[in-house]
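User: I'm new to reading protein models. Could you walk me through a few pieces of this one?

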Amino acid sequence: MHHVTKVHFGPTLSEVRTKVDSKRPILRYLVDRREGFQNIHPKELLHSDFSCFHSPFSLPDMGEAVSLLLTVVKSNRKILLYGDRDSDGVSSTCLLAFFLKSHPEFQSANLEVMVSSESDPYGLCKEAVSKIKKAKPDLLITLDFGSSQADEIDELTSLGIQVIVLDHHEVPVRIPKNCALINPRRTDSEYPEKKICTAALSFKLVTAILFHQSSEWNQYYSKTILAEDGSKVVQYFQNGIKLSSETTSTINFSNTTVNPYPEDFSTNIPLDDERKLFYYQCQKIPLFFEQLEEETDLAGIGTITDMMPLVGENRHFVKLALESLTKLYIGDKKRKGLKELLKELKLNPNGITTKDLGWSIGPVVNAAGRMGKTEEAVSLLLSESESDAKIRAKLLLSINEERKERTKRNMDRVERYFARKPERTGKEVVYCYEPDMEPGVSGIVATRMVDTYKKPAIFIAPDNGDARGSIRSYGQENVLQLLESLSHHFLHFGGHPEAGGFSITIDQLPKFESELYEKAKLWLDEDNLSKNIHQIETDFTVLPEEMGDKLLKEWKDLEPFGQGNPDIKLGIKNAKAIHLTPLSGGKHVRFHIVGSGSLKFMIWNKGEEFQNFMSKHGSFDLVGSLEENFYQGRKTLQFIVEWFGISESDGPKST
């Protein structure tokens, strides 16, 4: 399709089975090629349970945050949870709120929940600060923002408001003081994972609260090891963390109870000393994991929708979330709202999938924030009755339909915009602003612009007298670096290396666009990321007759697929299409290929292009992936086409 200049076809399945020495050669081959899987034990790759998680107390300020929160709860002072409007912000806010509302020890807490609206700029803007002052909390917990807003936090703490920040965004040089800032990206963070979302941090805070309430809190454990010189060295642990020599030198262990490290304690997965000990301590706490099981669902939704890399701990969050959501769907769990949403989406009750999180649940939750109705998503997720949950689930789906229509209208305008101004697609960054663009879906539109033009993209729409924009990366570019170089134009900006957002006055847009192209050229040249080649690499080259459920099971254990762990990409050469069926007026197309039996092939948004191509060529090459599709109570297998064309040794012919 567009802009593909080279396709590299991987080895055939028979070649891999012949050359790779393993009981499961296909899986072994894939694992060895994936950087994120190369340093973990095979058992941890195949299985997930709570033993895989690191102690939350290695996150900066976690201990202080828990102590502060418990003190405020016990004195019945007011707590305000203030979350961002996106799916991660909503998920993290509702995870913590639901825990505090439903746990017997915290049900009487004086708790208020608030989320930003689409009309608000990002984070602790003046509107948010005004709302917080009006709410008069004793403790403010911000979720999914706050790391870069030291001035605003200083203003709030000067009024006597205590602050906890749960956030995973980039941390500036000056971080907020007089508050507990829980962010794994802090330079002083010892947490093994840097890229975990705020919903996962919310889960970590809940874990820390439960642990703090137990008899295992602050217990010491010791383990004797042999040093390189043969001498014996004693290591000490507390709350799942190995203490440094500087810390242990300040403790008089002769007057302190020290427990022996549980050498004989075994786990299903070989673990490092810290994770093994923390899991050992947690399993001694009555109902500890039972209380945490249901909290994994929103952590998993936040992880997928915020595009966290699905390796390490994120992988375990998502796998456990899928198990929890499946149990929720078919069982009687506390989360009435989420259960009704699963029903309304008509997902497969026999197993919620990663695709369901990313393509069904997440977008619906996100839609509320995009359409300026974030509180509707929060109200659904915190619903306490089945009847209320049913009404709110239907309302949220209708909001999502509004979002789809707005996105469609904007995309139509984008296509007309570039048809009038095709020279703009030749710039380093694809930029689009028109006065009649509609707000609220800029991130989706920017992502689609990246997919189409294979470049970083910026989409801007008017919003409440100013303008709001989103930027998305194409490859490994850090878009925050580009935004930083242009920050003098913005009212506010922030985000991740892969995705950012900003607000700007309308009259500043011409100057911003003019400087954008100069800065973008420097930005891409400095990082050596400007690419003229869009290369597709497939994992395997397959024959039509090799594709089916049996092949899909070969790599099933690699799921969940997503950011950092992409789905398996298959290449098919010399395919011949039959039974071609245009869909949605020709926008999409479904077909079969000779030799693949009943397997359906799907091409989205390029139906007319494919039909034109087919009128000129009898056979062609395909790149895409196999996936299971659940529709109207029936599960089928289909092949989603990413690219079609005729490849040659020096790259494919233009389609």
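Predicted model: local features only at pLDDT ≥ 70, side-chain atom pairs only at ≥ 80, totals over all residues.

User: What span should the 17 residues of helix α15 have, and how far apart are its end C-alpha atoms?

Analyst: Helix α15 covers residues 354-370. At 1.5 Å a residue, its 17 residues should span 24 Å, which agrees with the distance between its end C-alpha atoms: 22 Å.

User: Where does α15 bend?

Analyst: The bend is about 40 degrees, and a proline, P363, follows within four residues. The residue at the bend itself is G362.

User: Is α15 largely enclosed or open?

Analyst: Here, buried means under 20% relative accessible area. In α15, 13 of the 17 residues are buried, so the helix is largely enclosed by the rest of the structure.

User: How many residues of helix α13 are buried?

Analyst: Helix α13 runs over residues 312-330. It's largely enclosed by the rest of the structure, because the buried residues number 15 of the 19.

User: Which residue in β5 is the bridge partner of I141?

Analyst: I141 sits in strand β4, on one side with L139 and L143, and all three are buried. Five bridges join β4 to strand β5, and the two run parallel. In β5, the partner of I141 is I164.

User: Through which helix does the chain cross from β4 to β5?

Analyst: This β-α-β crossover is right-handed. The helix on the way spans residues 150-157, and its name is α7.

Terms used. Residues numbered from 1 in each chain as written. Heavy atoms only, no water. Expected span 1.5 Å × (residues − 1). Bend = angle between axes of the 7 residues up to and from the residue. Buried < 20%, exposed > 50% of the residue type's maximum accessible area, 1.4 Å probe, protein only. Pairing = 2+ DSSP bridges. Right-handed = clockwise from strand over helix to strand, strands pointing away.
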